[in-house]
Amino acid sequence: MDFESLNLKELQDQYKAHLETRGYKPNTVLTASTTCFFLWRKAGKKLFWQVVNSQVFESAAPLVLRSIIQMEIGENKDSQVSNYIYHLRTFRRYVEQQKLSEKPNDKSTDRMMIIPSPSLSEAKKYLEDWEKQINYREQESALNLLFHTLCPGNERTENVLLKAVALNDFYSTNIFSIFEVAEHIKKLAIDDRLTTGDVTLVDDLKRVVIRGKEHCFYSFASKYCSHHNEADFPIYDSYVDKVLRYFRERERFCVIANNELKNYEKFKDILQAFREFYGLQDLNWKQLDRYIWQFGKQYFRKSYKPKSQ
């Protein structure tokens, strides 16, 4: 499709239809499809497409939008500029993806299209599948019983050990010295930090010294915290890592350095950016984890290299 030949209403309708297929709520669709064309309405079609197609979009867009807002209201408001840039950037990615999808002879594009983009409708399918798996549900129920009823505190080694052993077994986190890990957790006195959602706790928990050597049990640490407080601690694992890296390269939902995913506070921010970019705000962290884990298991198994990479 030649987007640049469309008038404003035609383009807006096209973009609205796209957002609706991604599962966005009506109010979100209306806001996004209006805000992203602010530049067109104020400065015209030509300048709009010059900015959208610019090779230096990230520096050009703020300059143009700031000057327009300055003329409109007599002052610059960074919050307004950021909002317009966010929606314009999202529209720009949509145009780029559509142009790529219209190149059937481009083998790299064909491969890229094999793996679907995340969306709320896709997520709901995976969550429905998860509910059908009795082993997943029963294991989750058993862990909830341990973490919230039988052994909610972390002041006694035996309580921590029971939870750590169950997590290690159910999630196959491959911790070979689970007693030392339990002792480490107990010594950190973590109960208050769990309750307040202190995200720095995960990075403290993950580093365990065993027989004089420091080991990193990052995924286990995130799972341990999440099962105590799923509202504040999303889970990190190899699948979510691969999914985030893949869509960073494919759709640039966020600027990520690989090592940032291994810092839990930054990881949570990146996962939040992923959730917002793909319209998954209706999912809580637990639901998002179940979705990405199953998605990653399907497309990014360790023994399988996706054709789209």
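Me: How is the angle between two helices defined here, as for α8 and α17?
Reply: Axes are lines fitted to C-alpha atoms over the stretch in contact, and angles run from 0 to 180 degrees between N-to-C directions. Keep in mind that this is a predicted model. Helix α8 (residues 120–132) and α17 have axes that come within 9 Å. They cross at roughly 90 degrees.

Me: What word describes how α8 lies relative to α17?
Reply: Angles of 65 to 115 degrees count as roughly perpendicular. So α8 is roughly perpendicular to α17.

Me: Which residues of α8 and α17 meet?
Reply: On the α8 side, look at Glu122, Ala123, Tyr126, Leu127, Asp129, Trp130 and Glu131. On the α17 side, look at Gln287, Arg290, Tyr291, Gln294, Phe295, Gln298 and Tyr299. By class, the residues of this contact of α8 with α17 divide into 7 nonpolar, 3 polar and 4 charged.

Me: At what angle do α15 and α17 pack?
Reply: Helix α15 (residues 238–251) packs on helix α17 (residues 285–299) at about 80 degrees. Their axes are 8 Å apart. That angle makes α15 roughly perpendicular to α17. From α15, the contact uses Tyr239, Val240, Val243 and Phe247. From α17, it uses Ile292, Trp293, Phe295, Gly296 and Lys297. The residues of the contact of α15 with α17 divide into 7 nonpolar, 1 polar and 1 charged.

Me: Now charges. How many salt bridges does the structure hold?
Reply: The general idea is simple. Side chains of opposite charge can pair when their charged atoms come close. The structure holds 14 salt bridges. One of them pairs arginine 193 with aspartate 204, with the closest N and O atoms 2.7 Å apart.

Me: Where do arginine 193 and aspartate 204 lie?
Reply: Arginine 193 is in helix α12 (residues 191–196), and aspartate 204 is in helix α13 (residues 200–206). The pair therefore ties together parts that are 11 residues apart in sequence. Aspartate 204 is partly exposed, at 32% relative accessible area.

Me: Take glutamate 249 and arginine 248. Which is buried and which is exposed?
Reply: Buried means under 20% relative accessible area, and exposed means over 50%. Glutamate 249 has 55%, so glutamate 249 is exposed. Arginine 248 has 13%, so arginine 248 is buried. The two form a salt bridge, with the closest N and O atoms 3.0 Å apart.

Me: What about arginine 250 and glutamate 251: buried or exposed?
Reply: Both arginine 250 and glutamate 251 are buried. Their side chains meet in a salt bridge, at 3.2 Å from N to O. Elsewhere, salt bridges that share partners join Arg92, Glu96 and Arg252 into one network.

Me: How many disulfides are there?
Reply: A disulfide needs two cysteine sulfur atoms within 2.5 Å. The structure holds 0 disulfides.

Me: Finally, the whole chain. What does its secondary structure come to?
Reply: The chain has 17 helices and 2 strands. Its C-alpha trace spans about 70 × 45 × 35 Å along the principal axes. Of the 309 residues, 47% are buried. For contacts between residues at least 6 apart in sequence, 63% join residues at least 24 apart.

Methods:
Residues numbered from 1 in each chain as written. Heavy atoms only, no water. Helix = DSSP H or I, 4+ residues; strand = E, 2+ residues; numbered from the N terminus. Parallel < 35°, antiparallel > 145°, perpendicular 65-115°, else oblique. Contact = heavy atoms within 4.5 Å. Nonpolar A, V, L, I, M, F, W, Y, C, P; charged D, E, K, R; others polar. Salt bridge = Lys/Arg side-chain N within 4 Å of Asp/Glu carboxyl O. Buried < 20%, exposed > 50% of the residue type's maximum accessible area, 1.4 Å probe, protein only.
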